[in-house]
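Please go through this three-chain model with the report below. Keep the sequence and the 3D view open while you read.

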Amino acid sequence: MSEIDNNQSGDTRRDFLKKTSLFTALSLTPLTVLKAADNKVDERFAELFEKIPLNLKVNNKAYSLKVEPRVTLLDLLREELDLTGTKKGCDHGQCGACTVHVDGARVNSCLSLAVMNEGKSVTTIEGLAKGEELHPMQAAFIKHDGFQCGYCTPGQIMSAVACVREGHANSKEEIREYMSGNICRCGAYPNIVDAIQEVKEKGTAI
Amino acid sequence: MDFFVDENDRVDGIEKVTGKAKYFAEFKLPGLTYGVLVPSTITKGKITAIDIKAAKNAPGVLDVLSHLNKPSAAGYEAGGGSPMKIFYTDEVFFNGQPVALVVADTFERATYAATLVKVSYEKAAFNTDFKKSIADASVAKKQGQPPYVRGVADAYKTAEVKVEQTYEMPVETHNPMELHGIIADWRTNDQVTVYAKTQGVKAAQATIANVFKIPQENIQVKSEFVGGGFGMALRTWPLEIATIMASKQVKRPVKLVITRDQMFTMVGNRPAAYQKIGLGATKDGKITGITHTAFGQTSTYENFTEGVVTMSKFMYASENVNTNYYVVPLDMSVPIWMRGPGEATGAFALESAIDEMAHALDMDPLEFRIKNDPETDPMKNIPFSSKNIKEAYKLGAEKIGWNNRKNKPGSITEGPWKIGYGVSIGVFNASRGRATVKGILNANGSLILQSATSDIGPGTGTGMVLIASRLMNIPVEKITFELGDSSLPPAPSQGGSTTLSTVGTAVNDVCVSLKATIAELAANANMSTTSNFVEVLKKNNLPMIEVTKQSQANQQGKEYSMYSFSIHFVQVKVHNLTGVVKVSKIVSVGDSGKIISPKTARSQMVGGAVGGIGMALTEEALLDNRYGKYVNNNFADYHVPVHADVPEIDVIFIDKPDYIVNPMGAKGMGEIALIGFAGAVANAVFNATGKRIRSLPITPDKVLEG
Amino acid sequence: MINFQFLRTSIVKTALSLVAKDPKATFIAGGTNLVDLMKRGVTAPEKLIDINQLPLKQIELKNNILHIGAMVSNSALAENAIVKEKFPLLMLALQSGASAQLRNVATVGGNMMQRTRCGYFYDTTMPCNKRQPGSGCGAIGGYNRMHAIFGTSESCIAVHPSDMCVGLVALDAQVVIAGAKGERKINFIDFHRLAGTTPEKDNNIQKGELIVRLEIPVNNLNKNFHYQKVRDRSSYAFALISVAAALELKDDVISTVRLAMGGVAHKPWRLVAAENFLKGKAATLANFEAAAKIAMEGAKAFGENDFKLKMAPNTIIEALTVAKAKA
């Protein structure tokens with residue numbers, strides 16, 4: 001069993017390419033490849049080394065991917081998996097628009113490298129409803145008009161569901177505090193709080 | 001049967017809560033590439049060299065655009081330097097100006113390659129210091145609006161009681177939650193589709209046509225869902241043009257989503273303002289003179305003005321009023337209207353001064369306002385089309401518990417907190433423009449309405465569907481309103497609280513026409529004129545009927561003065577030791593004619609109040625004048641209000657139709673929801689503490705030091 | 001962001017050696033600060049060692065000492081039953097920081113390691129001695145509203161942004177650090193540094209070392225305590241001033257007192273002199289005021305943050321007053 005749990009080499013790409021023993025194994029001409037790496041031109045080749053495997057579940061669907069380590073979970077969802085319901089609002093963990101659940105906990109997907117989510121289960125806004133049947137929080141947001149432009153809404157809803165599940169929705173004041181990581185520039189806050197409070201008070205398991 | 005019920009939900013609610021609503025950046029086009037901008041790191045000067053070698057050699061990079069490879073834009077060759085021509089010259093006008101655009105096959109690669117572009121500059125001296133420039137005669141000021149005088153200028157100076165004060169506002173940024181950007185996709189050499197974030201698809205289409213000198217019909221602008229605008233998406237910004245150029249150059253669709261810090265410099269802001277108000281009154285509380293002089297910030301390369309002093313001309317019954325408004329060109333990016341625009345800036349100053357005068361007179365500020373409320377428009381000498389603000393004052397005062405307020409500041413305490421109440425008025429033009437709507441009435445019972453208007457959040461479609469539902473007696477779920485596509489019948493941009501009035505009137509006209517046609521068809525078929533349209537169409541063997549109507553701008557502006565009004569009441573708590581201000585109660589009263597969609601209308605008022613809390617207490621873009629650069633250009637340090645800042649908000653509507661403005665009797669409310677709010681907070685802080693903070697935002701330090 | 005390498009390990013020793021031998025390698029825990037810094041180009045490690053799988057997530061009480069694994073999340077710590085009961089001051093400090101989402105990911109060790117929020121530090125086009133030693137300090141003579149009033153130097157006036165650390169320094173925590181030569185233990189108060197002439201160093205951890213655990217001795221400060229945070233908005237903002245206060249009262253006489261302040265220095269700022277003054281005195285407003293005055297000795301402001309000279313003592317008084325009033 002390796003001490004390193006993922007299979008990326010400990011060396012930079014260039015260092016890696018310099019290891020002739022590996023080149024032999026790969027049946028490649030060292031000089032050509034090395035030159036390519038130095039000039040950063042052979043991207044097709046580079047991908048072999050720069051992307052690393054990632055296995056995760058998103059909305060109960062299993063994915064086996066290869067991604068660059070610098071790709072965030074947010075960009076993976078939006079650009080690779082076409083799950084654009086999760087929004088990019090600031091890309092720095094300062095607005096909450098990118099909130100998703102990772103193994104049940106709400107997190108800002110913009111500050112999470114995708115590769116840090118190996119083996120985890122991610123739920124996005126697209127995974128909240130059961131088919132055509134809206135999740136009670138989604139229905140409550142519509143009823144209380146908990147949005148205007150709708151851009152922060154998926155993040156607000158994911159955060160709201162977690163807020164109730166965590167047991168932090170016992171009063172308006174508590175909801176406001178525990179929802180403060182989700183900014184809404186249209187200012188739908190009071191309506192969002194009403195929606196959350198209603199879902200909480202109904203007591204339905206969410 | 002009335003299908004129009006009070007609690008109608010938003011027509012696009014399900015799309016928005018399920019993540020299915022697609023905003024501009026979410027269209028997955030084959031061969032999509034990613035653009036990332038390189039912003040200038042100097043504030044003024046010239047670009048002497050751009051080294052793109054490393055960037056171009058970086059993995060996945062397709063091209064790097066800059067003025068050095070001047071991408072094709074026929075329109076730029078025709079004279080004039082304004083609006084700013086992107087990648088056209090070596091000139092740098094402001095810090096953060098886009099100077100290059102990197103296009104790569106993935107977002108990560110484009111982002112990395114952008115860091116490899118090395119730009120060399122020749123720096124020039126610059127000035128971004130707004131406050132210093134006002135007093136500095138060497139900084140040229142421009143007249144922002146013609147001077148206005150009614151009666152005697154500066155009459156306040158000789159009044160029995162006078163107030164003369166200065167009010168300051170910092171730069172604010174719109175910062176909608178959705179980052180700005182565009183996807184550009186040239187279908188052929190002279191046909192382009194753009195997925196945009198815009199408040200006006202037709203305006204965007206016209207701008208693009210002008211820059212690239214191709215026919216408007218060759219350009220399709222799609223922008224169905226817009227993640228907030230607040231004014232910043234009222235124009236097509238240079239960065240959008242850059243992306244369209246890039247797509248032409250690399251012959252692939254290019255997507256550009258700018259970063260949050262770029263939102264502070266590339267897409268406008270609410271300009272900083274410095275205002276002097278002089279108020280004169282008789283001892284018994286009659287205003288005898290108002291003088292309002294304002295300075296606003298603009299840029300050196302494009303001019304921007306707004307209605308900062310407008311409200312002072314007609315809001316109060318004073319025989320003597322004079323106003324003046326100047327703009328100060330600085331080496332900063334050009335501002336753009338931000339919700340409530342200049343009127344919100346002006347209202348803060350005027351409504352603070354009114355409160356100061358009431359205090360000087362030892363009068364209840366509500367009573368003082370009512371006493372000076374004009375019956376007719378004192379600027380134009382014509383009646384208001386409708387104005388119910390006395391009723392609004394009364395309803396709001398009751399709801400907030402105004403009679404708990406003590407006129408003497410600092411009278412109410414609650415532990416470490418001091419409690420205060422404040423009031424302020426907001427007003428905005430209730431204008432109406434020209435719009436075209438197409439209506440398609442189908443034999444299957446559905447109605448499709450189309451217009452190239454926008455919805456940046458207020459619920460345009462919801463309002464239009466409700467108007468049609470009420471007029472046509474068709475259930476809302478059978479009506480679709482299509483918007484946000486330049487190929488639809490033309491409509492103006494969504495701005496200045498005009499959409500409901502303007503597009504709604506065209507919807508109204510379409511429905512009236514459809515009903516007449518149905519009645520005619522019914523008569524032809526010997527049916528009752530009140531027959532259901534489905535039966536009528538079937539009987540006439542028609543699968544559908546189609547009507548297109550263009551509504552005209554309101555023609556009665558010479559006879560009536562048309563405005564929407566709001567009254568904001570707030571209660572604040574101010575902490576004795578820490579200076580923290582909490583808005584603890586809000587009552588906003590809207591006097592904006594008939595309410596078409598109560599649920600979304602209420603949300604708009606609520607949203608305005610939240611924006612008002614930001615303006616009053618937290619928002620300030622801080623520029624370090626040594627570098628010409630913002631130092632808090634992010635959501636952690638530029639504080640927009642969060643959940644915990646916002647109490648319950650009561651919204652009251654007068655809900656009386658004004659049929660002079662339009663056939664629905666409804667007036668816009670996007671601006672009035674915000675205008676005046678900050679003044680109400682400042683007035684409440686004074687009432688709580690006796691401290692008059694004349695510089696926004698009212699942060700804890702100002703309260704402590706005040 | 002460069003396309004760094006990414007390695008994951010579940011063995012502490014391996015993690016240590018991977019970072020120790022490579023100058024361009026660094027640990028990544030929650031990533032809530034590091035990823036942000038990497039996106040802004042403030043730091044550009046070429047190799048990340050993901051330590052989220054390390055077995056450092058325990059919270060246990062052993063011999064009246066609370067052991068907290070460095071990889072415990074901020075929310076897990078705030079929600080922990082022992083913390084709620086015995087160290088509620090720490091709970092309050094944790095809840096005052098960041099947002100629910102960030103606290104779910106941010107770890108105890110990462111919170112301690114977070115960099116300042118100074119705008120000049122974050123903007124790579126501005127001067128900053130912390131980011132780029134020798135480039136100057138943008139905040140001195142610039143916007144320094146959020147900046148330090150204690151222990152400043154000519155090279156840096158940045159503050160440490162953590163709330164949790166203000167609670168921990170008040171609670172006499174100790175930090176257990178693992179390195180190639182085994183574990184060492186330092187007092188929390190000695191973990192972070194003042195800027196001095198080396199503002200690039202936030203703390204006294206060495207390259208290749210890793211925080212593995214915190215230890216907090218049980219105390220009697222779980223009745224009269226308060227964490228008062230003053231900020232520009234009601235939540236999700238960094239402190240202008242924060243104060244952690246805890247009292248042990250016997251008939252209104254203060255037998256033990258802990259006071260620490262955030263938002264005022266390059267490190268969480270323990271108010272030792274004020275504590276010494278209060279010890280053995282009656283818990284009266286007059287004594288709180290006198291203590292606050294003592295706490296402010298040596299404070300120096302830089303223009304935009306002059307207000308802190310008033311807000312800081314006021315906040316101390318408020319925190320003590322609320323702490324005392326708690327039944």
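The report covers the basis of the model, chain contacts, nonpolar cores, aromatic rings, selected residues and cysteines.

**Basis**

This is a predicted model: local features need pLDDT of at least 70, side-chain atom pairs count only at pLDDT 80 or more, and totals for chains, interfaces and linings use all residues. Residues are numbered from 1 along each chain as its sequence is written, chains are lettered from A and ligands numbered from 1 in the order in which they are written, and side-chain values use heavy atoms, with hydrogens and water left out.

**Chain contacts**

Two terms come first. Contact means heavy atoms within 4.5 Å. Buried area is the accessible area (1.4 Å probe) that two parts lose on being put together, summed over both.

| Chains | Residues in contact | Buried area | Share on carbon and sulfur atoms |
|---|---|---|---|
| A and C | 41 residues from chain A, 42 residues from chain C | about 3,400 Å² | 49% |
| B and A | 61 residues of chain B, 55 residues of chain A | about 4,900 Å² | 54% |

**Nonpolar cores**

Buried means under 20% relative accessible area, exposed over 50%, and partly exposed in between (1.4 Å probe, protein chains only). A nonpolar core is a set of buried Ala, Val, Leu, Ile, Met, Phe, Trp, Tyr and Cys residues joined through side-chain atoms within 4.5 Å.

The largest nonpolar core has 182 residues. Those with the most contacts inside it are A:Met137, A:Phe141, A:Ile196, B:Met315, B:Phe569 and B:Val572. Leaving out residues up to four places away in sequence, A:Met137 touches A:Ile157, A:Ala160, A:Val161, A:Val164, A:Ala195, A:Ile196, A:Val199 and A:Ile206. Another core, of 50 residues, lies apart from it; B:Val103, B:Val192, B:Ala196 and B:Ile241 are among its members.

**Aromatic rings**

Rings of Phe, Tyr and Trp (its six-membered ring) pair if their centres lie within 6.5 Å; planes under 30 degrees apart count as stacked, over 60 as edge-to-face and the rest as tilted. The count is 21 aromatic pairs over all chains. One of them joins B:Trp402 and B:Phe569: edge-to-face, 5.6 Å centre to centre, with 75° between the planes. This pair links distant parts of the chain, 167 residues apart. B:Trp402 is in the loop between helix H10 (389-400) and strand S18 (412-414) of chain B, and B:Phe569 is in strand S24 (residues 563-575) of chain B. Helices (H or I, at least four residues) and strands (E, at least two) are DSSP runs, numbered from the N terminus. B:Trp402 is buried at 7% relative accessibility, and B:Phe569 is buried at 0%.

B:Phe314, B:Phe384, B:Tyr563 and B:Phe565 form one aromatic cluster.

A charge sits over a ring if NZ of Lys or CZ of Arg is within 6 Å of the ring centre and within 35 degrees of the ring normal. B:Lys248 lies over the face of B:Trp186, 4.6 Å from the ring centre. The charged end of B:Arg692 sits over the ring of B:Phe686, at 4.1 Å from its centre.

**Selected residues**

B:Asp355 is in helix H8 (residues 341-360) of chain B. B:Asp355 is buried, at 5% relative accessibility. Beyond its neighbours within four places in sequence, B:Asp355 is in contact with B:Pro365, B:Arg369, B:Asn683, B:Phe686 and B:Arg692.

C:Asp123 is also buried, at 13%. Apart from residues up to four places away in sequence, C:Asp123 touches B:Lys629 and C:Arg131.

Backbone next. A cis peptide bond joins B:Leu696 and B:Pro697, with omega about -5°. B:Asn175 is not a glycine, yet has a positive phi of about 40°. B:Asn175 is buried at 2%. B:Lys251 has a positive phi near 60°, and is exposed at 73%.

**Cysteines**

How many disulfides are there over all chains? The count is zero, with a disulfide taken as a pair of cysteine sulfur atoms within 2.5 Å. The sulfur of A:Cys90 is 3.8 Å from the closest cysteine sulfur, in A:Cys95, so it is too far for a bond. For C:Cys118 the closest cysteine sulfur, in C:Cys128, is 5.8 Å away, also too far for a bond.
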